[in-house]
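This report is written to be read beside the sequence and the coordinates. Please keep both in view while going through the sections.

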Amino acid sequence: MYIDPHIHMVSRTTDDYQRMALAGCVAITEPAFWAGYDRSSPQGFYDYFRLLTEYEPKRAATYGIKHHTWLCINPKEAEDPGFAREVIALFPQFLDRPNVLGIGEIGLNKNSRNELQILEEHIAFAAKHDLLILVHTPHLEDKLKGTRLIIDAIRRNGDIQPGRVLIDHVEEHTVKTVLDAGFWAGMTLYPDTKCTPQRAADIVEMYGKERLWINSAGDWGHSDPLAVPKAQVEMRRRGHDEATIRRISFENPVTFLSQSGKFHV
Ligand SMILES: [Zn+2]
């Protein structure tokens, strides 16, 4: 049994849902992100949020998987602050939907000034409504710099408790910074670049199992919706006990996500 706490099912087929269910997936969370194209109006985001809160939970339920989601305008589309603010203004009408857990995946893509401004406005929105936060960190060589900028932005808002923020896509050179600051850390598993299941197992061996989870981030790019069960297999092969595997792939997501009061498994 496992949870994939970060996967973009709008880009996946029903066959993926079926394979995930067969592999033991019982719940997922789907952050708002790029939809495969840049939306031409805030109305495009309105329709996307309806998809994430109305149709996708039904599609997941067909396979016995509980579906949850997060709201945001991702940094890739947040270069125009006026446009981004119109999207943020849509959030309140979706906050009461039963599968909405918080704000995410917010963060930085190219570490630009406008991205940082909109990141801070998302953080302020989450603080005002007492919401969990899921953070995307840049995949470029400036991941460490981006991670530090994001942590500073969260700290500047004194109302956010680090234990209610998960910083995703950590790697060997950023995980310690994130955990030491009191945040949760997500390891995104990719088939052969960035953090593979093998490297995730290495990170667990180096940094332990506190406040760490694994996810597939399955999306439009080369990615694997079965990455979490594959990491379970890798950890088992290395001799990790079942309690550790369950902690990383099930119990930790439950502990973090349950703080929303709306996570069900
Ligand atoms: Zn993502």
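## Basis of the model

The model is predicted, and local features are reported only at pLDDT of at least 70, side-chain atom pairs only at pLDDT 80 or more, whereas totals for chains, interfaces and linings use all residues. Residues are numbered from 1 along each chain as its sequence is written.

## The sheet

Eight strands form an open sheet in the order β1-β2-β3-β4-β5-β6-β7-β8, and their pairing is parallel. Strands here are DSSP runs of E with at least two residues, helices are runs of H or I with at least four residues, and both are numbered from the N terminus; two strands pair if DSSP finds at least two bridges between them. The edges of the sheet are β1 (2-4) and β8, each of which pairs on one side only. Neighbouring strands are turned by 25 degrees against each other on average, direction ignored, where axes are lines fitted to C-alpha atoms (for helices over the stretch in contact) and angles run from 0 to 180 degrees between N-to-C directions.

## From β6 to β8

Strand β6 (residues 165-167) pairs with β7 in the parallel sense over two bridges, and L166 has W184 in β7 as its bridge partner. Strand β7 (residues 184-188) is in turn joined to β8 by four bridges, again in parallel, with A185 standing opposite L212 of β8. Together with helix α7 (residues 197-207), β7 and β8 make a right-handed β-α-β unit; right-handed means that, with the strands pointing away from the viewer, the path from the first strand over the helix to the second runs clockwise.

In a regular strand the side chains alternate between the two faces of the sheet. In β8 (residues 212-215), L212 and I214 point one way while W213 and N215 point the other way, and all are buried, a class that requires 20 or more other C-beta atoms within 10 Å of the residue's own, with exposed meaning 12 or fewer, partly exposed the range in between, and C-beta atoms placed from the backbone.

## Backbone features

Most residues other than glycine have a negative phi, and most peptide bonds are trans. The bond from G104 to E105, however, is cis, with omega near -5 degrees, and E105 lies in strand β4 (residues 100-107).

Two non-glycine residues have a positive phi: D130, at about 55 degrees, and H169, at about 60 degrees. D130 sits in the loop between α4 (113-129) and β5 (132-136) and is partly exposed, with 14 other C-beta atoms within 10 Å. H169 belongs to the loop between β6 and α6 (175-180) and counts as buried because 25 C-beta neighbours lie inside 10 Å.
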